[in-house]
Amino acid sequence: KKSEGNEWMMQYMNFLVTNEMFEELKELSSCVFDFLQIGNLDLCNKLFTAATTVDLPTLQQYIKVLLQMTNFPLVPVSQEFFSSKMVDFWLDLCDAYQNLAPDSLRPDTTDLATDIFAQVIEIYLPKISLLNKQKILQDDDDLLHEFDDFRNAVLDLTESLWSVLGNSKLTGILIAGVGQPSTNVDIFQVEAMSFLLNKLLSNMTLSECPQLCESIASSGAFLENVLLLLQTGCQQQAQDKSASTLKLDFVKTSSFLIGTIADYFKLDKDGLSKCVDTLFQCLETCRNNNGQDTANKMELMLTKSLT
């Protein structure tokens, strides 16, 4: 019966999405979220402990529905509200999982938790993309602060999920993603991954993490793509206010990341020299392609990276 209920709920949500009934979707997301939060601890026990009486296929179906709810193919904050509401749900589930006594866990629990939380990251990466911010800027820039708050909430969630996924299942994958070797780089994807990496790497001393330094060095296009993000932000002509806002985000994310990985450059003198050259080049030219206010902000970010 429960699986029929889940199916009915997904059909109803799809109906609201298809008919662009965003206000009704917002109200429904609040109700569903409140209901889920009440049962969060119970769900954690059922999912991960040996004491559960619920069969695995039922649990897998339930998790599938929760992931689908988080992953509605609409713009977060302006069209759908599940993804922003569900940040707290996944954060609480992750915390509850980490508080479980190790001897209470099922043998397959670690694999199950890793699989669920890796999917959560995969869902949120395109959700926090500045492509969505661009859509909000075009439709209703009153929601900009809400979208920025959503991005920051996903940062906190990522930090929490790192304690389950670790460097091998999270940090290393983001480094490889930023370093995607491609003639046609997805600059928005590079930005989203760099944005999350900033948070994770700022909590580490890179010189004490040889594996991560090796990942950066061996992922050929990592620095190249971070510098491309910086140059796109500084040097591309802004056509309108929306483009200026996004350009600032590009510069902020890339310049912060360059500062965050400063420790890595002790091992890569060529990389350091490339970064310094590009930062100075951007400082010299950013006033040519940006308004005074934007250029002032960019100069501050670039100078901070250099120091």
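**Exercise 1.** In which helix is the place of Phe15? Determine also how Phe15 and Tyr12 contribute to the surface of this predicted model.

*Solution.* Step 1: Phe15 has its place in helix H1, and Tyr12 is found in helix H1 (residues 2-18) as well.

Step 1: Buried means under 20% relative accessible area and exposed over 50%, with partly exposed in between. Phe15, with a relative accessible area of 45%, is therefore partly exposed. Tyr12 has a relative accessible area of 32%, so Tyr12 is partly exposed.

Step 2: Together with Trp8, the residues Tyr12 and Phe15 form a nonpolar patch on the surface, and the accessible area of the three together is about 340 Å².

Step 3: As a distance check, the C-alpha atoms of Phe15 and Gln119 are 25 Å apart in space, while the two residues are 104 residues apart in sequence.

**Exercise 2.** Examine the backbone and the surroundings of Val77, then describe the contacts of Ser83.

*Solution.* Step 1: Val77 lies in the loop between helix H4 (56-70) and helix H5 (82-98). The phi of Val77 is near 80 degrees, a positive value in a residue other than glycine. Most residues other than glycine have a negative phi.

Step 1: Because its relative accessible area is 5%, Val77 is classed as buried.

Step 2: Ser83 belongs to helix H5. With 0% relative accessibility, Ser83 counts as buried.

Step 3: A polar contact of 2.4 Å joins the side chain of Ser83 to the side chain of Glu80. When neighbours within four places in sequence are left aside, Ser83 is in contact with Thr70, Pro76, Tyr124, Lys127 and Phe150.

**Exercise 3.** How many aromatic pairs does a search of the whole structure find? Classify the geometry of two of them.

*Solution.* Step 1: The search of the whole structure gives eight aromatic pairs.

Step 1: Tyr97 and Phe117 form a tilted pair, at 6.3 Å centre to centre and with 55 degrees between the planes. This pair links distant parts of the chain, with Tyr97 in helix H5 and Phe117 in helix H6 (residues 109-127), 20 residues apart. Both Tyr97 and Phe117 are buried.

Step 2: The ring centres of Phe188 and Phe250 are 5.6 Å apart and their planes stand at 65 degrees, so this pair is edge-to-face. It connects Phe188 in helix H9 (residues 187-201) with Phe250 in helix H12 (residues 241-260), 62 residues apart. Phe188 is buried at a relative accessible area of 17%, and Phe250 is buried at 5%.

Step 3: Ring pairs also link Phe48, Tyr97 and Phe117 into a cluster.

Conventions: Residues numbered from 1 in each chain as written. Predicted model: local features only at pLDDT ≥ 70, side-chain atom pairs only at ≥ 80, totals over all residues. Heavy atoms only, no water. Helix = DSSP H or I, 4+ residues; strand = E, 2+ residues; numbered from the N terminus. Buried < 20%, exposed > 50% of the residue type's maximum accessible area, 1.4 Å probe, protein only. Patch = residues over 30% accessible without salt bridge, like charges linked within 9 Å, V, L, I, M, F, W, Y side chains within 5 Å. Areas by Shrake-Rupley, 256 points an atom, 1.4 Å probe, with all protein chains shown as cover. Salt bridge = Lys/Arg side-chain N within 4 Å of Asp/Glu carboxyl O. Polar contact = N/O pair within 3.5 Å; in protein donor to acceptor, adjacent residues only side chain to side chain. Contact = heavy atoms within 4.5 Å. Phe/Tyr/Trp six-rings, centres within 6.5 Å; stacked < 30°, edge-to-face > 60°.
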